[in-house]
Amino acid sequence: MRRLLQTGASGLLVLAIMLLGGFVLWVVIPVGWLYVGSLVQGSTQSLGAALGVIMLGVLVSIGLLLPMLGWLNHKHAELRAARGLEDLGQTALEAVLTISAGVAAVGFGIWFFLLSGSSPLPTGLSY
């Protein structure tokens, strides 16, 4: 990861935008479409319609975001080449998506187990 950061200020800006895009991919898109789906279900009383809107919306949103992330990754590679840095074999996008997915998973775990207000494990089971 250290060698990915050697691209100067413009390269760091591209990496920061890519990290923001990873956050949007793992958090904003799913939560946003769950909210839209809840509005659809509230107005139509149809769970099927809500799930259809959520699935279609998530697929379209990810389909629009991934080419943008790929373009940013290409720009980062161009900035590295302009500075005379060697090809690392892995792209910045791989590192960014891995890190952002890990942060999103840890954040979800903290919310689910500590902050959600409900017991994630069944308690009070009688035999």
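Three helices and zero strands: that's the protein in this predicted model. Read from the N terminus, the elements go α-α-α. Of the 127 residues, 24% count as buried. Among contacts with a separation of 6 or more, 72% link residues 24 or more positions apart.

**How helix 1 and helix 2 pack**

- Helix 1 covers residues 8-44 and helix 2 covers residues 47-82, and the two pack at an angle of about 175° with their axes 8 Å apart.
- An angle over 145 degrees counts as roughly antiparallel, and that is how helix 1 sits against helix 2.
- Sorted by class, the residues in this contact are 23 nonpolar, ten polar and no charged.

**A closer look at helix 2**

- Helix 2 has 36 residues, so at 1.5 Å a residue it should span 52 Å; its end C-alpha atoms are 52 Å apart, and the two values agree.
- Its buried residues are A50, I54, G57, S61, L65, L69, L72, N73, H76 and R80.
- What covers those buried residues includes helix 1 and helix 3, the latter running over 92-115.
- After helix 2 comes G84, with a positive phi near 80°.

**The largest nonpolar core**

- Eleven residues make up the largest nonpolar core: V14, L15, M18, L25, I29, L65, L69, L72, A92, L93 and V96.
- Helix 1, helix 2 and helix 3 are the elements that each give two or more residues to this core.
- Helix 1 supplies the largest share, with five residues.
- As background, nonpolar side chains in soluble globular proteins tend to be buried together.

- L25, one of the core residues, touches P30, I62, L65, L66 and L97, leaving aside residues up to four places away in sequence.
- L69 belongs to helix 2 and also to the core.
- With a relative accessible area of 2%, L69 falls under the 20% cut-off, so it counts as buried.
- Leaving out residues up to four places away in sequence, L69 touches M18, G21, L93 and L97.
- L69 and V96 are both listed in the core; they are 27 residues apart in sequence and 10.0 Å apart in space, C-alpha to C-alpha.

Note on methods: Residues numbered from 1 in each chain as written. Predicted model: local features only at pLDDT ≥ 70, side-chain atom pairs only at ≥ 80, totals over all residues. Heavy atoms only, no water. Axes fitted to C-alpha atoms, helices over the stretch in contact; angles between N-to-C directions. Helix = DSSP H or I, 4+ residues; strand = E, 2+ residues; numbered from the N terminus. Parallel < 35°, antiparallel > 145°, perpendicular 65-115°, else oblique. Nonpolar A, V, L, I, M, F, W, Y, C, P; charged D, E, K, R; others polar. Expected span 1.5 Å × (residues − 1). Buried < 20%, exposed > 50% of the residue type's maximum accessible area, 1.4 Å probe, protein only. Contact = heavy atoms within 4.5 Å. Core = buried A, V, L, I, M, F, W, Y, C linked by side-chain atoms within 4.5 Å.
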